[in-house]
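Please open the structure in a viewer and keep the selection tool at hand.

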Amino acid sequence: MTKEIVVSGIRPTGNLHLGNYLGAISNFVKMQHDYTCYFFIADYHSLTTHPNPTDIHNHVKQALVEYLACGLNPELCTLYVQSDLPQIPELYMMLNMHAYKGELERVASFKEKARTQPDNINAGLLTYPVLMAADILIHKATKVPVGKDQEQHLEMARTFGNRFNRIYQKEIFPEPYAFNYGSELVKIPGLQGGGKMSKSDGDASVIKLNDSADQIRKKITKAVTDNTPLEPNTPPSVAVQNLLDLMKVVSEKEKLMHFTAAYANCNIRYGDLKKELAEDMIAFLAPIREKIIEFQSDEKLLSHIVKLGKEKAHESADKTLMECREAIGFKKF
Ligand code: ADP
Ligand code: TRP
């Protein structure tokens, strides 16, 4: 039986954090065993914000290193850099001919960007969903592991794929859908008492995968807590619950039970809670951090991995593009 095809793109936006790892990447790592997976670093997409050439290379390298350190295995999945695949912009161009200004202007992510960066509302930003559709359709993927915020883009990928099939009367593209293991979405809280851990909340709120032991200790020591409760069995405030939730992820069950009970009995010592949480967090992330350091210095291996990914991705992309060119009527002389 042929396995279903999975595609997901990762924007190279600097260091990954614990939330990215547990909410997204650990999913990718699992999927590579069950499906034919294509994971890529979306550097074409990052051009909408006009990064400088040095930054772009460093960010792509960092993303690659961190994904490998988290367990993406280039022998189990195809891991490539988007700009190594010129087939993607060719398909993007074809799809653009049947993508309309009206529908693109209604996309939530475009409206948001147009509002926050009014001086740079470029055509690439408007057609971001078309490029994303090309990323997915080029490998004929049916499953796309992404967060909730990407649902609308997925819907557009289905629209553009179906439209192409209909116009050129060929069943080239299957319908891609957003995918998640299990029904419960993981939400890792931040350290500053807010909702989910997110890089937009600033450095103090996130634990990055390449934070040193010292940085982790400092961040957790400074995490927001609350007064010790006065009444037994008071429900913990959001900030305290966040720390207990992090403990649930990285510590032994008994430890979590101990601090939960201490809170309920009004004798919790936040200093102790933070100390234990920090040490367990450091131990939890140590293997990833060690691998980050290892991969970072192995330019030869990285270049081999990127080359391998490029070759594998080209094969699948060429096949699809041939079908599209033929359907459109481009013929060899
Ligand atoms: P950020 O919010 O830091 O900007 P992104 O939006 O780039 O992170 O998210 C990349 C991926 O990581 C998405 O699939 C998202 O669902 C997942 N993710 C990010 N933060 C968390 C979190 N705190 N808990 C669980 N998953 C998360
Ligand atoms: N738009 C996605 C994000 O912002 C990244 C992305 C680009 C992507 N192309 C993709 C995700 C294709 C899945 C499939 O996170």
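Begin with the whole chain: among contacts (heavy atoms within 4.5 Å) between residues at least 6 apart in sequence, 79% join residues at least 24 apart. This is a predicted model, in which local features need pLDDT of at least 70 and side-chain atom pairs count only at pLDDT 80 or more, while totals for chains, interfaces and linings use all residues. Residues are numbered from 1 along each chain as its sequence is written, chains are lettered from A and ligands numbered from 1 in the order in which they are written, and side-chain values use heavy atoms, with hydrogens and water left out.

Display the C-alpha trace, which spans about 80 × 45 × 45 Å along its principal axes. In cartoon view, the chain shows 13 helices and five strands; these are DSSP runs numbered from the N terminus (helices: H or I, at least four residues; strands: E, at least two). Of the 333 residues, 46% count as buried, that is, under 20% relative accessible area with a 1.4 Å probe, protein chains only.

**The two domains**

Next, colour residues 5-186 + 299-328 as domain 1 and residues 199-293 as domain 2; such bounds come from an automatic or database domain assignment. Taken over C-alpha atoms, the centres of the two domains are separated by 34 Å. Their contact takes 12 residues from domain 1 and 14 residues from domain 2.

How much area do domain 1 and domain 2 bury between them? The value is about 1200 Å², 71% of it on carbon and sulfur atoms; buried area is the accessible area (1.4 Å probe) that two parts lose on being put together, summed over both. Select His 17, Leu 18 and Ala 69 in domain 1: these residues lose the most area to domain 2, together 44% of what that side buries. Then select helix H1 (18-34) and helix H2 (53-70), the elements that give two or more residues to this side of domain 1. H2 provides the largest share, five residues.

**Helix H3**

Finally, select helix H3 (residues 87-96) and show the side chains of its buried residues: Gln 87, Ile 88, Leu 91, Tyr 92, Met 94 and Leu 95. Seen down the axis of H3, these residues fall within an arc of 165 degrees, so they line one face of the helix; the arc is that of the directions from the helix axis to the C-beta atoms.

How values were computed: Buried means under 20% relative accessible area, exposed over 50%, partly exposed in between (1.4 Å probe, protein chains only).
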